[in-house]
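Please open the structure in your viewer and have the selection tool ready.

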Amino acid sequence: MDSVGINRAPLGSASAAAVSPRRGIALRRSVAFANRRFGSVRSTTARAQSGNAGRSMTEDRECIMSEAEMSLKYSSGKAFPLGVSQVEGALNFAIFSQYASSVILCLKLPGRGTEDDKDVDIIEFVLDRQKNKTGDIWHVSVEGLPSSSVLYGYHVDGPQGWHQGHRFDSSAVLLDPYAKLVSGRKYFGIAEEKSNQLFGTYDFDSSPFDWGDNYRLPNLPETDLVIYEMNVRAFTADDSSGLSSDVRGSYLGVIDKIPHLLELGVNAVELLPVFEYDELEFKRYPNPRDHMVNTWGYSTINFFAPMSRYASAGGGPVAASKELKQMVKELHKAGIEVILDVVYNHTNEADDANPYMTSFRGIDNKVYYMLDLNKNAELLNFSGCGNTLNCNHPVVKELILDSLRHWVQEYHIDGFRFDLASVLCRGPDGCPLDAPPLIKEIAKDAVLSRCKIIAEPWDCGGLYLVGRFPNWDRWAEWNGQYRDDIRRFIKGDPGMKGVFATRVSGSADLYQVNKRKPHHGVNFVIAHDGFTLYDLVSYNFKHNDANGEGETNDLNVLSLRSRQMKNFHVALMISQGTPMMLMGDEYGHTRYGNNNSYGHDTGINHFQWEQLEQRRDGHFRFFSEMIKFRHRNPILRQDRFLNKNDVTWHEDCWENLESKFLAFTIHDHSSGGDIYLAFNAHDYFVDAVIPPPPHHKCWNRVVDTNLESPNDIVPEGVLFGGSKYRIAPYSSILLKAKP
């Protein structure tokens with residue numbers, strides 16, 4: 001079927017040859033030159049992309065080609081590397097499209113209007129299929145372009161067979177999948193900004209980032225990690241952060257708060273997505289979510305470019321890149337690793353009902369997305385977001401690998417958490433693969449060999465792979481079973497004592513396979529998508545209307561909630577495996593029962609620094625000291641699974657489903673610094689018999705969650721000489737053997 005859209009001048013036309021005699025490529029600001037005198041063109045005018053396809057407009061007008069345009073020289077270019085690269089005094093542009101029938105490079109030169117102008121002329125290069133195409137890669141080399149500040153995109157046309165999986169629209173200006181920087185709006189969440197058109201850009205002028213002569217990667221052992229899941233913007237966006245308005249919600253804002261992370265005791269941050277995304281995507285057309293702002297970022301536009309609106313003072317993409325590196329450098333200087341939450345399971349381009357065409361859909365929908373070719377080539381949706389990236393297609397697989405290597409080599413990232421990673425285990429038809437090529441290559445890749453790689457081992461299509469994720473002894477997993485079982489035991493569900501013991505001792509039932517270690521299970525009670533810890537102990541049901549239900553002034557209720565938050569934190573920090581906690585739980589952040597707050601750029605998500613100060617000597621102190629206790633006691637973070645000599649379970653009625661009390665001792669074979677723990681999930685007191693301490697040692701009480709601060713945790717310990725300990729309802733204790 002013939003392509004539709006703007007009619008393009010044939011490359012062999014006399015007018016095209018007159019303007020651009022070399023290599024048969026048309027240098028144009030126009031859609032046609034026929035029947036016009038030299039220098040009189042039909043200008044293409046960029047328009048902000050909207051709702052469905054993001055169409056550009058054209059208008060006829062007389063204009064004279066600028067000196068800059070006339071000085072541009074071009075040649076066939078080369079196929080690799082994809083994206084923009086410097087080559088022999090020129091810039092090379094290369095883009096993959098297997099099914100395209102035509103590709104046009106669109107350029108916006110610096111000085112041709114401001115970046116915020118809606119109406120700006122775009123220079124176009126029409127690529128010749130014979131001379132500018134190698135295999136399925138289209139390419140062109142351009143001399144005379146500035147080495148920075150140029151914006152670029154592509155028109156791509158091809159077959160219109162919807163039922164065959166194609167979604168070409170030649171009027172859309174599309175973003176290069178390999179663009180290393182993306183230019184769009186400058187300020188986060190400001191709908192009044194004029195420009196909504198996304199362009200790729202580049203910066204070959206700036207000097208390489210100075211990482212410093214004494215710079216070192218932390219290279220922390222996985223056994224030692226305590227992960228802090230956080231959102232860059234939400235961490236400092238609130239006025240209570242005390243930062244200037246230019247810095248709040250930015251990469252630089254995180255730097256200012258590194259002392260807080262050190263005081264808390266975490267040594268790795270897991271950042272919610274920092275790839276370029278459109279936080280205003282819900283506002284494209286009237287819908288029930290059009291009042292919301294996407295603050296979490298799980299809607300990737302480009303897999304190489306840092307989120308430009310996390311730059312300070314609206315600095316744009318180049319500043320964002322530099323400031324992200326500065327943030328990583330300062331975190332590393334503090335001994336804190338940086339793990340990125342990456343979303344390779346879908347993109348921002350939504351579904352066929354309300355598509356948001358910005359890149360992949362218009363470049364090669366049939367390659368980049370999983371389709372049901374037996375059902376009118378509709379997009380398969382294992383992500384819950386309308387589309388699913390075709391991750392194990394060779395081209396898409398290589399794009400993902402190139403993206404990961406880019407973040408490691410360019411930004412010195414230490415690891416990745418893969419959102420809905422089970423999608424990455426599916427073939428092009430959506431069927432699960434036993435040995436997914438992408439998962440294997442990530443595990444075996446030399447550049448990624450130093451990185452932590454963590455899977456969220458499920459997707460929205462029901463592929464639940466906790467404990468079964470293909471791993472090659474490298475992949476760690478979010479242990480969703482840990483979350484569920486710990487929650488049920490601590491809140492007092494019957495029949496959970498045995499599985500609670502299994503979870504805190506490292507989930508050997510899930511991970512003791514081949515050469516896997518306890519640290520391959522990432523333990524968590526709370527993550528970004530769900531209740532905060534405070535809300536978990538305060539709400540029985542979600543309240544996503546933010547109606548405030550669940551608040552109370554009842555002192556007994558508040559005391560119980562406080563104990564339960566501490567109980568969860570104790571369980572997390574004494575468990576074998578890798579612990580992860582959520583930003584804000586260290587002071588008891590509430591979202592008022594909203595368990596899916598992705599669309600709120602408000603105090604619902606923003607870290608409340610004033611509340612932290614109010615609770616610093618109580619709740620925060622407990623959380624911080626418990627993390628530091630874990631760091632000081634290696635027996636809580638072993639690199640092998642526990643055996644019968646490592647732990648003594650003070651239990652003889654495992655089959656009693658009504659028993660909600662568990663006590664055990666973890667033995668320190670090197671120095672005798674045993675740790676005794678007891679958890680009471682009953683609603684009554686339990687008199688626990690305390691075993692004798694190791695030879696020449698005495699028990700010291702470090703934790704009793706029933707006590708008020710500062711007695712709830714005493715790092716140096718309080719001597720305990722009794723044979724029994726009366727443990728309060730819904731509380732836990734920790735004793736440490738000391739000389």
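Begin by selecting tyrosine 592, which is found in the loop between β23 (578–582) and α15 (609–614). The model is a predicted one. Although tyrosine 592 is not a glycine, its phi is positive, about 60°. Its relative accessibility is 33%, so tyrosine 592 counts as partly exposed.

Next, select histidine 696, in the loop between β27 (686–689) and β28. Here too phi is positive in a residue other than glycine, with a value near 65°. Histidine 696 counts as exposed, at 65% relative accessibility. As background, most residues other than glycine have a negative phi, and most peptide bonds are trans.

The following stops concern peptide bonds. Select serine 709 and proline 710, which are joined by a cis peptide bond with omega of about 10°. Proline 710 belongs to the loop between β28 (698–704) and β29 (713–720). Then move to phenylalanine 80 and proline 81, where the connecting peptide bond is cis and omega is near 0°. The loop between β4 (73–75) and β5 (83–87) holds proline 81.

Now display helix α6 (residues 316–333) together with helix α8 (residues 394–411); they pack at an angle of about 70°, with axes 10 Å apart. The two helices are therefore roughly perpendicular to each other. To see the contact, select Ser321, Leu324, Lys325 and Val328 in α6, which meet Trp407, Glu410 and Tyr411 in α8. This contact comprises four nonpolar, one polar and two charged residues.

Finally, select helix α16 (residues 616–632), which has a kink of about 30° centred on phenylalanine 622. Phe622 is buried, and other buried residues of α16 include His619, Phe623 and Arg630.

Conventions:
Residues are numbered from 1 along each chain as its sequence is written. This is a predicted model: local features need pLDDT of at least 70, side-chain atom pairs count only at pLDDT 80 or more; totals for chains, interfaces and linings use all residues. Side-chain values use heavy atoms; hydrogens and water are left out. Axes are lines fitted to C-alpha atoms, for helices over the stretch in contact, and angles run from 0 to 180 degrees between N-to-C directions. Helices (H or I, at least four residues) and strands (E, at least two) are DSSP runs, numbered from the N terminus. Angles under 35 degrees count as roughly parallel, over 145 as roughly antiparallel, 65 to 115 as roughly perpendicular and the rest as oblique. Contact means heavy atoms within 4.5 Å. Ala, Val, Leu, Ile, Met, Phe, Trp, Tyr, Cys and Pro count as nonpolar, Asp, Glu, Lys and Arg as charged, and the others, Gly among them, as polar. The bend at a residue is the angle between axes fitted to the seven residues ending there and the seven starting there. Buried means under 20% relative accessible area, exposed over 50%, partly exposed in between (1.4 Å probe, protein chains only).
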